[in-house]
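Please read this briefing alongside the sequence and the 3D view. It begins with one question and then goes through the topics in turn.

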Amino acid sequence: MSAKVKFGVVVFPGSNCDHDAYYATHTILGQESVFLWHKDTDLQGVHAIILPGGFSYGDYLRCGAIARFSPIMKEVVEFARAGGVVVGICNGFQVLLEAGLLPGVLLRNASLRFVCKTINMRVENNKTPFTSRCQKGDRLRIPVAHGEGNYFTDAATLASLEKNDRILFRYCSEEGEITEQANPNGSLSNIAGIMNEEGNVMGLMPHPERVVDPLLRNTDGRRILNSIVDYCMSKAGHELSLTELDRR
Amino acid sequence: MFISKIRVTLRKSILDPQGKAVEHAITSMGFNDVEDVRMGKYIELKVNGKTEEEVRKTTEEVCGRLLANPVMEDYHFEIDKCP
C-alpha cells in the first residue's frame, strides 16, 4: 500500500454529493480518490468505499431501492463482506439499508418536510473505524439535507443495535442532550448513524464531507473521515500519520 | 399474457405522516366521518407466462425483492388475463 488511502466514490445516476466526497478525501485530506461508475465491476483496488448522497435513480420506487441493483453494488457487497470499509452518506445510507448491509429503513421525515440545516450529533461509540478521532460524548456539528431520514427498525433490532454499541451518532441539542427537539426527522431513538455487526460498514444521514474545508469554519466532518484514514492506514500496517492540513 | 395488479402498503405498525396530512385535508374539507388515511402504491406488470401459477411465482419474487421493502411494507396482488 502506498502512503495514501485510496477512496472509491460510487457514482449512481442522480448522485450529487460525489464530487464533495472526492474533494473532501482527495483535495482536503490529501488521500487518493477515484470515482466508481455504477456500471463498473472493478473496484480499482480501493481501501474504502463511499456511497455518496443524492437522489440515485430519482428516488424512484423507494430511496436507494434501484441503486442497490447496480452492477457495482455486487462488488461493494462482496468488499464489505470481506471486511472492507464502506460508508453510506444520506442517499448512500439508504442504499446500504436496501442492500441489506445495514438493518432497518429510512422513512419519510415525520414533519413531511425536507430538512436542510446544520444539526448537532453526539458520538455514542468512539471505538470504531469511523469515530476513533472522537471521544465518546463529543458533539459534532454536521449538516443534514434530506426528506427521508427518519430511521426505523423493529424493537428487537433496536435492542441489538443498542446492546452492541452499533449506534454511532445520535441527534442532540447544543448541550449534547438527546431530546425530541434536537431530532430533525423523527428518527427512532434520535439515530443519526449506525454500523453493522462486524464494524466495517457505516451509514449516516448527516454529511461529514460537507464540513472539511477550513474556509467554511467548521471541519467537524474531518474527524470522521480522518478516523477512516487512520483505520485503513493501520490496517495496512502503516504508522498513523496526520494529513498535511491537520498538522497546521 | 397476464397482468399482475400489485398494491404496496405501509405496514400497520409504521406511522404514515403523508396519510395523516391527507387525512387532515379531508377533515378540513368537512368530511368528518373519514379517518385513518393510509397512502400506498399501485403497480401493474404485464407478465408472459403459460399458467397463472407461473405468473404468481414471478410476481411474488419481484415484489419480495424489489417492489416492497418487508421492513416497512406489505404487498398484495391479483392476476388477470390480459384482455
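In which sense do strand S6 (residues 115–123) of chain A and S9(A) pair, and over how many bridges? S6(A) and S9(A) pair in the antiparallel sense, over four bridges, where strands are taken to pair if DSSP finds at least two bridges between them. Helices (H or I, at least four residues) and strands (E, at least two) are DSSP runs, numbered from the N terminus.

This is a predicted model, in which local features need pLDDT of at least 70 and side-chain atom pairs count only at pLDDT 80 or more, while totals for chains, interfaces and linings use all residues. Residues are numbered from 1 along each chain as its sequence is written, and chains are lettered from A and ligands numbered from 1 in the order in which they are written.

**Confidence**
- The model scores ipTM 0.82 and pTM 0.91.
- Chain B averages a pLDDT of 94, and 100% of its residues score at least 70; pLDDT is the predictor's confidence in each residue, from 0 to 100.

**Strand S9 of chain A**
- Strand S9 (residues 167–172) of chain A is mostly covered, with six of its six residues buried; a residue is buried if 20 or more other C-beta atoms lie within 10 Å of its own, exposed if 12 or fewer, and partly exposed in between, with C-beta atoms placed from the backbone.

**Nonpolar cores**
- The largest nonpolar core has 74 residues, of which A:Val10, A:Ile49, A:Val86, A:Leu96 and A:Ile228 touch the most other members; such a core is a set of buried Ala, Val, Leu, Ile, Met, Phe, Trp, Tyr and Cys residues joined through C-beta atoms within 7 Å.
- Helix H5 (residues 220–235) of chain A supplies the largest share of this core, six residues.
- A second, separate core of five residues includes B:Cys63, B:Leu67, B:Ala68 and B:Tyr75.
- Leaving aside neighbours within four places in sequence, A:Val10 is in contact with A:Leu36, A:His38, A:Ile49, A:Leu51, A:Pro52, A:Ile72 and A:Val76, two residues being in contact if their C-beta atoms, placed from the backbone, lie within 7 Å.

**Helix H1 and loop residues of chain A**
- In helix H1 (residues 18–28) of chain A, the buried residues are A:Asp18, A:Asp20, A:Ala21, A:Ala24, A:Thr25 and A:Ile28.
- After H1(A) comes A:Gly30, whose phi is positive, near 70°.
- A:Asn16 is found in the loop between strand S1 (6–11) and H1 of chain A, and counts as partly exposed because it has 16 C-beta neighbours inside 10 Å.
- Not counting residues up to four places away in sequence, A:Asn16 touches A:Gly53, A:Gly54 and A:Phe55.
- A:Cys90 lies in the loop between strand S4 (85–89) and helix H3 (91–98) of chain A, and is buried, with 29 other C-beta atoms within 10 Å.
- Phi of A:Cys90 is near 60°, a positive value in a residue other than glycine.
- Most residues other than glycine have a negative phi.

**Chain B**
- Chain B has two helices and three strands, which follow the pattern β-α-β-α-β when read along the sequence.
- The radius of gyration of chain B is 16 Å, well over the 12 Å that the globule rule gives for 83 residues, so the chain is more spread out than a compact globule; this radius is taken over C-alpha atoms, and the rule is 2.2 Å times the number of residues to the power 0.38.
- The C-alpha atoms of chain B fill a box of roughly 50 × 30 × 15 Å, taken along the principal axes.
- Buried residues make up 13% of the 83 residues in chain B.
- B:Asp36, in the loop between H1 and strand S2 (40–47) of chain B, counts as exposed with 8 C-beta neighbours inside 10 Å, and its phi is positive, near 55°.

**Where the chains meet**
- Ten residues of chain A are in contact with eight residues of chain B.
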